[in-house]
Amino acid sequence: MAARPVGIGRQDFEAVIKSNLFYIDKTAFIREWWENEDEVTLLTRPRRFGKTLTMSMVEKFFSLEYADRGDLFRGLAIWEAKSPDGDYRYRHLQGTYPVVSLSFANVKETDYRHAREKICQLIASEFARRAFLLEGDCLTEQEKDTFRRKSINMGDVDATLALNQLSEYLARYYGKKIIILLDEYDTPLQEAYVHGYWRELVDFTRSLFNAAFKTNPNLDR
């Protein structure tokens, strides 16, 4: 059998699997994470340790957008994992959750205004991808107005409540609590510390994270 290319720097799980690149199977993490039943999990590892690839793996496993994509996991540890009664439990979980996946990796601004705008743009893009929620009567007219206000220039109240509200809308639409994945959450905070706008950004992100991860009844994990 020919040696597989390593594919240094690849961070998208689907691309790694489809390109048949060398991959150390870390899918057992999915089982461990799920069975821990923790609502919020913080992954801390050194740079280049595979955090982003792991986040991508989790997204592709759970996201409804990857329903019926068990081919990406076939032959890997999570696909062969059995429950005590011998059932392939995790195969039934693949592609069954609404997932919101964000990365703050590119929020590397030298001032607070531009950092905040970029975060708002990332959040607004998540709303734009779910514009189908504006159709029909899933949302009230007031909620539709709130939805349409999500933009790069939205105010602090709209911005900090955005992920909480999107969770509610998606949970209502799908009848199921959601999973939120946030990669590189600390990148803008590091830039804020270096460039002198730490306090402003901490106040903003504290409100955003609190609403998304602490006081969010529609959050599964």
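Helices are DSSP runs of H or I with at least four residues, strands are runs of E with at least two, and both are numbered from the N terminus. This is a predicted model, in which local features need pLDDT of at least 70, side-chain atom pairs count only at pLDDT 80 or more, and totals for chains, interfaces and linings use all residues. Residues are numbered from 1 along each chain as its sequence is written, and side-chain values use heavy atoms, with hydrogens and water left out.

Start at helix α8, residues 187–195. Just after α8 comes Gly-196, with a positive phi of about 85 degrees. Buried means under 20% relative accessible area, exposed over 50%, and partly exposed in between, with a 1.4 Å probe and protein chains only. In α8, the buried residues are Thr-187, Pro-188, Leu-189, Glu-191 and Ala-192. Their cover includes α9 (198–214), where contact means heavy atoms within 4.5 Å.

Next, the aromatic rings. Rings of Phe, Tyr and Trp (its six-membered ring) pair if their centres lie within 6.5 Å; planes under 30 degrees apart count as stacked, over 60 as edge-to-face and the rest as tilted. The count by this rule is 18 aromatic pairs. Take Phe-127 and Phe-147: their ring centres are 5.0 Å apart and their planes stand at 70 degrees, so this pair is edge-to-face. The pair links distant parts of the chain, 20 residues apart, with Phe-127 in helix α5 (residues 112–129) and Phe-147 in helix α6 (residues 141–148). Phe-127 is buried because its relative accessibility is 1%. Phe-147 is buried too, at 5%.

Tyr-193 and Trp-198 also form an edge-to-face pair, because their planes stand at 90 degrees, with ring centres 6.1 Å apart. Tyr-193 is exposed, at 64% relative accessibility. Trp-198 is partly exposed, at 37%.

Ring pairs also build a cluster, including Phe-13, Trp-34 and Tyr-97. Charges sit over two of these residues' rings. A charge counts as over a ring if NZ of Lys or CZ of Arg is within 6 Å of the ring centre and within 35 degrees of the ring normal. The charged end of Lys-176 sits over Tyr-97, 4.0 Å from the ring centre. Arg-221 lies over the face of Trp-34, 3.8 Å from the ring centre.

Last, residue Ile-8. Ile-8 lies in the segment before α1 (13–18). Ile-8 is exposed, because its relative accessible area is 79%.
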